[in-house]
Amino acid sequence: MFTTPDRPADVAASVPGLAAYARTATRLHPRPGTPRPQDSSVAGPMLWPSGEPWPRCQLPHMVEIERPATAEDLELFRRGDEEVARLADRLSALPPEPGSRGMPAATAAQLLRMLASASANRPRTTVRTSAMAVPPKPVPMVPVVQLRAADIPHARFPEGTDLLQILWCPHWHNAVPGMDEHHRGPAPMVCWRDSTKLTHHATPPDGAGTDGRSVLSTCVISPEQITDYPDTEALPDPLQERLEDWHDSLGPDPGFDYRNDLAAAPGLKAGGWPYWPHGPRPVGCACGADRDLLLSIPNGERGTPSWTPLEDQTRAVEGGEEFHHPTGFHGARDAVHIFSCRQDPAHPVQIYVE
């Protein structure tokens with residue numbers, strides 16, 4: 001188990017009106033491990049309906065393609081060869097550096113000329129590049145999380161379900177239902193299931209998910225419920241002003257601030273409030289109801305030191321990539337936020353890639 005330290009201040013008691021925005025969140029505290037199919041987990045084996053095939057993505061996404069070279073391509077190649085040749089000439093003119101341990105300039109120039117010659121003599125009938133296209137074969141989805149209702153008791157589940165499964169195609173998409181048109185990222189699939197009716201389990205097929213940035217490492221979780229508050233900019237202006245006045249009253253250097261130490265808990269979490277690095281986004285459902293944060297998948301667990309679990313504080317400073325980034329997710333600059341409808345969680349989700 002992991003325990004979030006007490007917050008540096010009881011901000012809800014100090015700032016009138018803020019308590020109304022408090023939400024329960026579950027910090028999942030992922031750590032490398034070997035979960036069982038029936039466990040809540042990150043990227044672990046999943047309970048699965050007998051006879052239901054593993055899902056595959058057929059949406060257009062960024063794939064490597066080979067296409068015929070155009071006149072514009074050939075002109076770019078020619079200019080590139082000329083630039084390499086000019087660089088080789090400049091290197092050849094440089095005097096040798098006494099005592100230098102690097103490659104002599106003359107040698108570098110010779111290598112560049114060899115590369116330019118090989119490039120100019122290579123047939124250029126095709127170009128390998130990346131483009132948004134339907135993959136030649138449907139791509140197997142990869143597991144993101146499996147969460148039991150008992151581990152995230154604050155979450156709204158559709159009637160008759162007690163298991164949340166989120167999978168996604170880890171490739172780069174720009175046309176995903178529920179994704180903001182200005183964002184790019186993985187394509188999620190959300191399944192709500194009744195675990196009592198699931199007797200089988202499944203893992204992704206071999207070769208699933210070739211984009212390593214969004215393929216998560218398998219982790220066990222240690223769910224912990226906390227109270228979460230909105231990011232500063234998600235609050236109405238009067239509350240932002242009260243927060244600022246309160247913070248100013250603490251003196252020139254209180255050692256903490258609202259945005260980094262009191263709001264939007266960092267790390268992989270279910271529920272609570274998202275951190276919006278570029279300002280809040282609209283998250284209303286098509287049915288007219290509000291949406292709540294279902295899951296935040298961030299680039300790592302690290303936040304300010306005040307968020308480091310008590311059990312980790314002696315090794316947090318020395319902890320490396322595995323400690324601070326156990327899921328290995330790199331598919332967003334900050335995080336992927338998935339929102340579900342407050343009125344009916346079975347409605348399509350909305351995803352933001354921040």
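Asp-292 is buried, with a relative accessible area of 14%; buried means under 20% relative accessible area, exposed over 50%, and partly exposed in between (1.4 Å probe, protein chains only). Asp-292 forms a salt bridge with Arg-156, the closest N and O atoms being 2.8 Å apart. A salt bridge is defined here as a side-chain nitrogen of Lys or Arg within 4 Å of a carboxyl oxygen of Asp or Glu.

The structure is a predicted model, in which local features need pLDDT of at least 70 and side-chain atom pairs count only at pLDDT 80 or more, while totals for chains, interfaces and linings use all residues. Residues are numbered from 1 along each chain as its sequence is written, and side-chain values use heavy atoms, with hydrogens and water left out. Helices (H or I, at least four residues) and strands (E, at least two) are DSSP runs, numbered from the N terminus.

**Salt bridges**

- A search of the whole structure finds ten salt bridges.
- The bridge between Arg-156 and Asp-292 links distant parts of the chain: Arg-156 is in the loop between β9 (142-148) and β10 (163-173), and Asp-292 is in strand β16, 136 residues apart.
- Arg-156 is partly exposed, with a relative accessible area of 44%.
- Both residues belong to a network of salt bridges that links Arg-23, Arg-156, Asp-290, Asp-292 and Arg-342.
- Arg-31 and Asp-312 meet through their side chains in a salt bridge of 2.4 Å, N to O. Arg-31 lies in strand β2 (residues 31-32) and Asp-312 in the loop between β16 (291-298) and α6 (321-324), so this pair ties together parts that are 281 residues apart in sequence.
- Arg-31 and Asp-312 are both buried.
- A salt bridge of 2.7 Å, N to O, joins the side chains of Arg-259 and Asp-231. Because Arg-259 lies in helix α5 and Asp-231 in the loop between β14 (224-228) and α4, the pair ties together parts that are 28 residues apart in sequence.
- Arg-259 counts as partly exposed at 28% relative accessibility, whereas Asp-231 counts as buried at 1%.

**Helix α4**

- Helix α4 (residues 237-249) has 13 residues and reaches 18 Å from its first C-alpha to its last, close to the 18 Å expected at 1.5 Å a residue. The expected span is 1.5 Å times one less than the number of residues.
- Leu-239, Leu-243 and Trp-246 are buried in α4. Seen down the axis of α4, the buried residues fall within an arc of 65°, so they line one face of the helix; the arc is that of the directions from the helix axis to the C-beta atoms.
- An α-helix has 3.6 residues a turn, so residues three or four places apart point the same way.
- On the other side of α4, the exposed residues include Asp-237, Glu-241, Glu-244, Asp-245 and Asp-248.
- The cover over the buried residues of α4 includes α1 (11-14) and α5 (258-261), where contact means heavy atoms within 4.5 Å.
- Just after α4, Gly-251 takes a positive phi of about 105°.

**The open sheet**

- Six strands form an open sheet in the order β2-β13-β3-β9-β10-β11, with antiparallel pairing. Two strands pair if DSSP finds at least two bridges between them.
- The edge strands are β2 and β11 (185-193), each of which pairs on one side only.
- Strand β2 is joined by two bridges to strand β13 (residues 219-220), and these strands run antiparallel.
- Val-220 in β13 is the bridge partner of Arg-31.

**Residues in loops**

- His-29 has a phi near 45°, a positive value in a residue other than glycine. His-29 is found in the loop between β1 (23-27) and β2, and counts as buried at 2% relative accessibility.
- Ala-264 is not a glycine, yet has a positive phi of about 45°. The loop between α5 and β15 (269-271) holds Ala-264, which is buried with a relative accessible area of 10%.
- Ser-195 is placed in the loop between β11 and β12 (200-202) and counts as buried at 10% relative accessibility.
- Leaving aside residues up to four places away in sequence, Ser-195 touches Leu-47, Arg-148, Asp-162 and Leu-163.
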